[in-house]
Amino acid sequence: MPGEAPEQPTVVSARSAADGVQARWRARGATSVALWHLPDEEIGQAQLADGRRLVAVVRAERAAGEIVHEGADGSGFYAVTAYDRTWQQSEPSGAVAVRR
């Protein structure tokens with residue numbers, strides 16, 4: 001099944017919330033989005049291959065979305081990758097620091 005990776009997504013914000021960290025993103029053309037929690041701003045293949053960094057994979061019902069990383073302590077950075085219906089992965093977004 002042919003497909004084309006979605007365009008690079010953007011993390012709009014990552015903010016501390018009472019129950020964790022709320023991350024918001026934009027991912028045009030994606031059918032699914034993966035949220036990553038990183039210890040620093042670096043995001044590359046090594047970080048994306050580390051399953052401990054993956055918070056969630058969710059369906060992208062719209063071009064924008066959000067999720068709460070429950071239990072997160074407000075440290076680190078968040079990034080997203082977008083996927084098309086054939087699971088072709090976009091370039092990762094830039095990593096965004098958590099705002100308190």
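So, the open sheet of 4 strands: the order is β4-β3-β6-β7, and the pairing is antiparallel. The strands here are DSSP runs of E with at least two residues, numbered from the N terminus along with helices, which are H or I runs of at least four. Two strands count as paired if DSSP finds at least two bridges between them. At the edges sit β4, residues 54-59, and β7, residues 96-97, and each of them pairs on one side only.

Quick word on provenance. This is a predicted model, where local features need pLDDT of at least 70 and side-chain atom pairs count only at pLDDT 80 or more, while totals for chains, interfaces and linings use all residues. Residues are numbered from 1 along each chain as its sequence is written, and side-chain values use heavy atoms, with hydrogens and water left out.

Back to the strands. Which strand does β3 pair with over 7 bridges? That's β6: residues 32-38 of β3 run antiparallel to residues 77-83 of β6. If you want a landmark, find Leu35, which stands opposite Val80 in β6. With β4, strand β3 makes 5 bridges, also antiparallel, and there Val33 faces Val58 across the pairing.

Now, is β3 mostly covered or mostly open? Covered: 7 of its 7 residues are buried, where buried means under 20% relative accessible area, exposed means over 50%, and partly exposed is in between, with a 1.4 Å probe and protein chains only. As a reminder, side chains in a regular strand alternate between the two faces of the sheet. In β3, Ser32, Ala34, Trp36 and Leu38 point one way, Val33, Leu35 and His37 point the other way, and all are buried.

On to the other sheet. This one is open too, with 3 strands in the order β1-β2-β5 and antiparallel pairing. β1 (10-17) and β5 are the edge strands, and because each has a single partner strand, one side of each is left without a neighbour in the sheet. Neighbouring strands here are turned by 15 degrees against each other on average, direction ignored; for such angles, axes are lines fitted to C-alpha atoms, for helices over the stretch in contact, and the angles run from 0 to 180 degrees between N-to-C directions. β1 and β2 share 7 bridges in the antiparallel sense, and Ala17 stands opposite Gly20 in β2.

Okay, charges. How many salt bridges does a search of the whole structure find? It finds 3, taking a salt bridge as a side-chain nitrogen of Lys or Arg within 4 Å of a carboxyl oxygen of Asp or Glu.

Take Glu66 and Arg24, whose side chains meet at 3.1 Å, N to O. This pair links distant parts of the chain, since Glu66 is in strand β5 (residues 64-70) and Arg24 is in strand β2 (residues 20-26), 42 residues apart. Both ends are partly exposed: Glu66 has a relative accessible area of 47%, and Arg24 has 36%.

Then there's Asp50. With Arg52, the closest N and O atoms are 2.8 Å apart; with Arg53, they are 3.9 Å apart. Salt bridges that share partners join Asp50, Arg52 and Arg53 into one network.

Last stop, aromatics. The structure holds 1 aromatic pair, with Tyr83 and Trp87 in a tilted arrangement, 5.3 Å centre to centre and 55 degrees between the planes. The criterion covers rings of Phe, Tyr and Trp (its six-membered ring) with centres within 6.5 Å; planes under 30 degrees apart are stacked, over 60 edge-to-face, and the rest tilted. Tyr83 is buried at 10% relative accessible area, whereas Trp87 counts as exposed at 53%.

And where does Trp87 lie? In the loop between β6 and β7. Trp87 also has a positive phi of about 65 degrees although it is not a glycine. That's all from me, thanks!
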